[in-house]
Structure formats: structure tokens, C-alpha cells
Amino acid sequence: MLRKLTLTLLLTLSSLPIQAEGFITRLLNHPVPGGVAVVGLPEQSEAPRATYQGKPVLTIREDGERWIAIIGIDLKTKPGKQQLVLANSGQIGFEVRSKRYEEQHITLRNKSQVNPAPAQLARIQRELDAQLAAYAEFSPRQPSNLLLDRPVPGALSSAFGLRRFFNGEERNPHSGLDFAAATGTPIKAPAAGRVILTGDYFFNGNTVFIDHGQGLISMFCHLSQIDVSLGDELERGGLVGKVGATGRATGPHLHWNVSLNGNRVDPAIFIGAFKP
């Protein structure tokens, strides 16, 4: 009798629907400081709207089966409980795990790039304001792809999140991913998007921002040449510019930032190269 009941229970459980993780969740769900959290959302006919720390977040239907929110977590976030706020009331909690980032020590000959002169600080602040405004963009378009293409071939040279010391002085952590590439190497758009900012900046050199949709923003720095203009629509793989060493750079390379809901996150997550 007991065996029959056990068999009946197993058959009943096996007939229940299983909410298996989809491809996007497996790729992107790394809820650490500077990482990404993927949170399942209640079922509804239209795309859900949700916010994290007062900012709208990217929501998609994963594998045509369930709604998910894809949330960028600021590098300064302490491990622990966080809350996603739903537009139709209610909250969903998620846990941020801890992660340790390594240190990087860099020597610069140009001392003003470590301690800028007062006259340069006003320029730096203007450029920062423009870039923060670009990061805050939130267009309704769906990203063309979330497994992003590498913008250039070549080895990864400096990881995201490194604690950076310039000439022995600690500065902001590394907020992007560096690719070792020769000057003139073409830079391709990792997903379709619209060019929302370009400029020649004190620290970043020649720079391009691309809005991929719903708060997913790419920034490309230190370019030797910019091949796009403000407002251009780029297809996935479209030419952005060419690798260089402009701004605060010790040699030619591409610095690539990815931002989600206004927070800089590890681009390695989006190319399947994340290291816990």
C-alpha cells in the first residue's frame, strides 16, 4: 500500500509544470555588486513595469514563457536583501551575494591625469554630467540580443571592478572591461542601438554611447576614430569606430562599459565570460 501511494505521489509531482531557468537567466543571473540579478515576474498579458531604487528596469518575456526583470546592481552595493518594486503595487525581494575584486596598479607619466589642475576640473565635471545623462536614458525598444557580441576580437586585458591605483593613489574602480587590440582595429556594435552621445573627453578620450533599449547602454572609450554621429541607428555588428589610446590610456585598447538602469555592470556577464 505504501509503495502504491509513493508511486502515485511521484506521478502527480512529475505532471506539475516546472519553471525551468531559461537561457537568459542562466547567462545573466550573477547577483553580486557590479553584477546582474534576474527576477521572475508575475504573469500578465502586457509587459510588466518595475523599478529598482527608483529607476525603471529592463523586462522581457524569456523563451516566450515567463516575464523576467533584468537588474543592474551598483558596484558599491553591500551584500544582502534588495527589493524590486512592481508598478501595480507589491515588491519582490532578491539577494545580492558578495564578490571580491582584485587590485590594479598603473603608472602614468602625465601627472594631470592623476590629479587634474583646477582649470581641468570644470571640464571633467561637464563631461561627467553629459555621460551620467546618457546612462540615465530609458527607451522602450527591446534589445536586439542580450548575449552580446564582443565589440573587438582579442584577449581581455583588464577586468571589471578592479580597485585602481594611479601612481600609488587609489581612484574609482574599473567600471568596464578592457580588450587588448591594436590601434585601428574596427569596433562593432555588440547589439543594435542608437548613438546617444559622442565626444572627446579628458579621461575617456574619443567616446561613443549606444542605447540598446530599456536602459541597456554601451560606452566605448579611447577610440582613435569615431565612425558614427549622434542619432545614428546601428545594426548589430555595425561599425562604431576604431581602437586607439586617446584620453587616460597607457596604450591602445578598447574600454567597454555596459550600464543597466543607470548602474555600471560587468560586461563579461553579457559575453559569457563572467568569473565568480
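Is R100 buried or exposed? Select R100 to find out: with a relative accessible area of 65%, this residue is exposed (over 50% counts as exposed, under 20% as buried and the range in between as partly exposed, with a 1.4 Å probe and protein chains only). Before going on, note that this is a predicted model, in which local features need pLDDT of at least 70 and side-chain atom pairs count only at pLDDT 80 or more, while totals for chains, interfaces and linings use all residues. Residues are numbered from 1 along each chain as its sequence is written, and side-chain values use heavy atoms, with hydrogens and water left out.

Staying with R100, you will find this residue in the loop between strand 7 (91-96) and strand 8 (103-106), where strands are DSSP runs of E with at least two residues, numbered from the N terminus.

Strand 1 and strand 5 (residues 66-72) are joined over 5 bridges, and V36 has G72 in strand 5 as its bridge partner.

For the aromatic rings, select Y52 and F94, whose ring centres are 5.7 Å apart with planes at 55 degrees, so the pair is tilted (rings of Phe, Tyr and Trp, the last by its six-membered ring, pair with centres within 6.5 Å; planes under 30 degrees apart are stacked, over 60 edge-to-face and the rest tilted). Because Y52 lies in strand 2 (residues 50-52) and F94 in strand 7, the pair ties together parts that are 42 residues apart in sequence. Y52 is buried at a relative accessible area of 1%, and F94 is buried too, at 7%.

Finally, move to T207 in strand 15 (residues 205-213), which is buried with a relative accessible area of 0%. Among the residues that T207 touches, not counting those up to four places away in sequence, are L197, Y201, F220 and I226, where contact means heavy atoms within 4.5 Å. The C-alpha atoms of T207 and L223, 16 residues apart along the chain, are separated by 6.4 Å.

Notes. Helices (H or I, at least four residues) and strands (E, at least two) are DSSP runs, numbered from the N terminus. Two strands pair if DSSP finds at least two bridges between them.
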